[in-house]
Amino acid sequence: MAASAGPEIERLIALLAKLPGLGPRSARRAALALLKRRDQLLIPLAEALADTAAKVKSCSVCGTPDTRDPCAICGDPARQIGLICVVEEAGALWALERSGAFRGRYHVLGGLLSALDGVGPDALRVTELVGRVRGGEATEVVLALPATVDGQTTAHYLVERLAGAGAEVTTLARGVPVGGELDWLDDGTIVQALRARRPV
């Protein structure tokens, strides 16, 4: 950090640097941009952050952040009640919502199982998911978790926990993306695409 920056600016830079995708240099540039455009950016951002901190909470049903409880999705009567899509974080939920392809409800785990990071089942919203399914809320649970080691470990754990709960457990298809060319794909994606092939 710059030696000439005051403690308030240094604190701003340090906090910005903790955001995903921002290192110390990017945080410094962002802080300078905010300070240059105090009225247009800095003050409205500070107000939005304070407003968000005061009003946004986690939905007691699915765990997504919202100003309402239950959230807008859980409270929507047009949603398919029997279909629950399990995601790692709210960002994945927002991506699925952008697609407009899913009309069920969600369950946000709040992370993934990770032995290296010390994240066990108790740190995630697994018990709440099992309770929702055993309570008869779901006929199908769609696991929309990342195709990573931690994502697959979490998926296997959830399949075991949901066994005999009365709902079919499915997972998102994996393989060649729309517009993808085979010579640009990694081996794992090609293997998954071949395994998930279907009749035309």
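The numbered points below take these two topics in turn.

1. The model is predicted: local features need pLDDT of at least 70, side-chain atom pairs count only at pLDDT 80 or more, and totals for chains, interfaces and linings use all residues. Residues are numbered from 1 along each chain as its sequence is written, and side-chain values use heavy atoms, with hydrogens and water left out.

2. Helix 1 (residues 7-16) and helix 2 (residues 24-36) have axes that come within 8 Å and cross at roughly 125 degrees. Helix 1 is therefore oblique to helix 2. Angles under 35 degrees count as roughly parallel, over 145 as roughly antiparallel, 65 to 115 as roughly perpendicular and the rest as oblique. Axes are lines fitted to C-alpha atoms, for helices over the stretch in contact, and angles run from 0 to 180 degrees between N-to-C directions. Helices (H or I, at least four residues) and strands (E, at least two) are DSSP runs, numbered from the N terminus.

3. Which residues make the contact of helix 1 with helix 2? Helix 1 supplies Ile9, Leu12, Ile13 and Leu16, and helix 2 supplies Pro24, Ala27, Arg28, Ala30, Ala31, Leu34 and Leu35; contact means heavy atoms within 4.5 Å. By class there are 10 nonpolar residues, no polar ones and one charged residue. Ala, Val, Leu, Ile, Met, Phe, Trp, Tyr, Cys and Pro count as nonpolar, Asp, Glu, Lys and Arg as charged, and the others, Gly among them, as polar.

4. The structure holds five salt bridges, a salt bridge being a side-chain nitrogen of Lys or Arg within 4 Å of a carboxyl oxygen of Asp or Glu. One of them joins lysine 55 to aspartate 51, with the closest N and O atoms 3.1 Å apart. Both residues lie in helix 3 (residues 38-55), four residues apart, about one turn of the helix. Lysine 55 is partly exposed at 47% relative accessible area, as is aspartate 51 at 39%. Buried means under 20% relative accessible area, exposed over 50%, partly exposed in between (1.4 Å probe, protein chains only).

5. Aspartate 76 forms a salt bridge with arginine 79, the closest N and O atoms being 4.0 Å apart. Aspartate 76 is partly exposed at 23%, whereas arginine 79 is buried at 6%.

6. Aspartate 76 also meets arginine 103 in a salt bridge (3.8 Å, N to O). This pair links distant parts of the chain, 27 residues apart: aspartate 76 is in the loop between strand 2 (65-66) and strand 3 (83-87), and arginine 103 is in the loop between helix 4 (90-99) and strand 4 (105-108). A network of salt bridges links Asp76, Arg79, Glu97 and Arg103.
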